[in-house]
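This report goes through one chain and its ligands.

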Amino acid sequence: MNEIISPKMETVNNMRNRHDSLADLTSRDMEDFMEEMGGEISVPVLNGDWDALPANVRKYIAENVRLCRPKGVFICDGSDEEAEEITEKMVNRGLLTKLDKYENCYLCRTDPADVARVEGRTFIVTKEKFETVPHVQEGVKGILGQWMSPEDAEREMVQDRFPGCMKGRVMYVIPFSMGPVGGALSKVGVQLTDFNYVVLSMRIMTRVSSKIWDVLGENGEFVQCIHSIGAPRPLQRKVINHWPCNPERIMITHFPDQRKIMSYGSGYGGNSLLGKKCFALRIASRIAKDEGWLAEHMLILGVTNPQGEEKFIAAAFPSACGKTNLAMLTPSLPGWKVRCLGDDIAWMRFDDEGRLRAINPEAGFFGVAPGTNKKTNPVAMETCMKNTIFTNVGMTADGGVFWEGMEKEIEREQKITTWLGDQWKVGDKGKAAHPNSRFCCPASQCPIIHDKWEDPAGVPIDAIVFGGRRPEGVPLVFEAFDWEHGVMLGAALKSEATAAAEFKGKQIMHDPMAMRPFMGYNFGDYLQHWSDLNKPERQMPKIFHVNWFRLNDNGKFVWPGFGDNIRVLDWICRRVNGEDIAVPSAIGQLPVEGSLNLKGLNVSWEENFSLPKKYWVEDIEETKSFLQAQVGCDLPLTISDEVAKQEERIRLM
Ligand SMILES: Nc1nc2c(ncn2[C@@H]2O[C@H](COP(=O)(O)OP(=O)(O)OP(=O)(O)O)[C@@H](O)[C@H]2O)c(=O)[nH]1
Ligand SMILES: O=C([O-])CC(=O)C(=O)O
Ligand SMILES: [Mn+2]
């Protein structure tokens, strides 16, 4: 904080002390403020220095104050003191519960109607519809992104939802960087929100700092991120669990041309932490197309073999399909080391030497809690034992956390309060944690975080891996024949639905490139963009496909997964080094029998690698009609060629 407090700041600070609740501000106070703020905004600035903000940021805030009508503006600086102050208020309100068992950890329970991303209410707004979505076949409902016209967005958001949406609440201004502050591949955003949970989570997930104002300079570009829970005072809807929201009216709109996001009605992660999916994937994928790089739903890891040779891998799996787990893998093979650079999003760009370099734009992990335990992911368990916000998990009587998968880690008969607030113990009906419950913790405290994780230049990617939950037919690992074939494999990605979005049941859904919910522009153009990256002077990463989720006839996983996935990474690294351990099949290069290190495991090669012809005949037929129906004439020729070649190979199986 500045040593010299300007007279204006002094007044503001005094005001803050005098009126912890702004309800009792007099109109005289208000007039004083308006005068002091040069008439730019009509509400008090409760924290931070208005005059230190760049002019375009002041204008942006002032416009949204006029629209949303908050009672005051709180400019965040990202400091620990600020977080402590906000945390204390939230604990007093009952929105956060301190978890006494750990250091600086809190539990938050949402309104049970606000627990996941809402894909059906998520839109991309462009003038031209087909910039956003492909030309689907007649009568087909497109699933690769939803378009909204600027007129409809204006009506739905600016006219209908946002006017007065922050009445009686404070508007927080969060300056943040995706990627290291000031880094060449990094981008800046400024989120406005009326929810303090979002402030605390954003400062874990992104780099929130006053330094952002210096990075921006006088009129620097930033992504406008405007968020409201849609619960102005006086309240229209009963607040449950102290978690105000407006589930019936949730709408999340992206304006890629204006580099702007407006999100309404939900406080839940992917809907409200706008730096994450909205900015770092939807808006960034569009910026990336314009600028010739990639913004992907991918983890980044470094894997070092016993000889000390390190490779970097980026992997795209749909939500809740194992990115965090792979990124933090504890190898079951001696001598191997995995280090994590990111668990959800990668921004990648070819450098002058023709190498694809990746950075993790995020600063924290927003990980799926259920299934995480000391056996499956000890690294994540260690990472989230301090400075963490847990959302919708269960709580033990001694102030610890509990979720499905932790049964062996608590004393038997421990009393547990479920995410719904009910009393419960292991063995009782129902679940302690919501299946999409999450931990939100700083990446810096991950015990295996890579020392280059904040290197602004990123790390050189040797292999790209696609995968999903495929209970049937799909082998543990195979390799694409070349870049084009790899892009086709990505386009054909499918997975069983998970709890990360609003879908019900165990249907297999297409999730091309693991980006279906996160596409910022026409998926056909996106595939073309991927294809165009392939240039002779570049070292194209090899592309692989993995499946940890195949089931046998008894419904058991045929692969132990987790730490044993190192065996698959080993095979991938050896392929990157050009070892002759692959044999062509109809769907790609399969491991030569015995070339995967299965020492000490009791697994069946056949169950993991068989290619049932009937399954693949149906699969390619289904994939082909999916791409025709959903991408139509926007499907690049190179991709339809690859599908045709794959179909022919399968026919000859
Ligand atoms: N059987 C099996 N399950 C796994 C494996 N890896 C992860 N899982 C389970 O899959 C679930 C989701 O895993 P995550 O690693 O959190 O998924 P994610 O892709 O990071 O999810 P998002 O954060 O939603 O993008 C957890 O319940 C894990 O226990 C594996 O190798 N085998
Ligand atoms: O966006 C979220 O809420 C969490 C997440 O990582 C995903 O769903 O892929
Ligand atoms: Mn994700």
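Which residues does the UniProt annotation "domain: Phosphoenolpyruvate carboxykinase C-terminal P-loop" cover? According to that record, an unreviewed entry, the annotation covers residues 293-649. The model discussed here is predicted. Over residues 293-649, helix makes up 22% of the chain and strand 22%, with the end C-alpha atoms 32 Å apart.

**Domains**

The domain assignment gives domain 1 (51-95 + 117-291), domain 2 (295-364 + 450-651) and domain 3 (366-440). Taken over C-alpha atoms, the centres of domain 1 and domain 3 are separated by 29 Å. Six residues from domain 1 and four residues from domain 3 take part in the contact. On the side of domain 1 that touches domain 3, helix α7 (residues 196-205) gives the most, with four residues. By class, that side of domain 1 has three nonpolar, two polar and one charged residues.

**Ligand shells**

Ligand 1 is surrounded by 22 residues, and the closest are Ser319, Gly322, Lys323, Gly371 and Gly561. Two or more residues of this shell come from each of α11 (323-327) and β19 (364-368). The largest share, three residues, is that of α11. Domain 2 and domain 3 each give at least three residues to the shell around ligand 1.

The shell around ligand 2 consists of Arg117, Gly269, Gly270, Lys276, Lys277, Ser319, Asp344, Phe366 and Ala500. At least two of its residues are supplied by α9 (269-272), and at least two by α10 (275-291).

**A four-stranded sheet**

Four strands, in the order β22-β21-β23-β24, form an open sheet with antiparallel pairing. Why is one side of β22 and of β24 left without a neighbour in the sheet? β22 (401-402) and β24 (423-424) stand at the edges and each has a single partner strand, so one side of each has no neighbour there. For β24, strand β23 (residues 416-417) is joined to it by two bridges, and the two run antiparallel. Threonine 417 has glutamine 423, in β24, as its bridge partner. In general, strands of a sheet pair through backbone hydrogen bonds, either parallel or antiparallel.

Technical notes: Residues numbered from 1 in each chain as written. Chains lettered and ligands numbered in written order. Predicted model: local features only at pLDDT ≥ 70, side-chain atom pairs only at ≥ 80, totals over all residues. UniProt positions renumbered as here; feature names shortened; annotations may be inferred. Near = placed C-beta within 6 Å. Domains from an automatic or database assignment. Pairing = 2+ DSSP bridges. Contact = placed C-beta atoms within 7 Å. Nonpolar A, V, L, I, M, F, W, Y, C, P; charged D, E, K, R; others polar.
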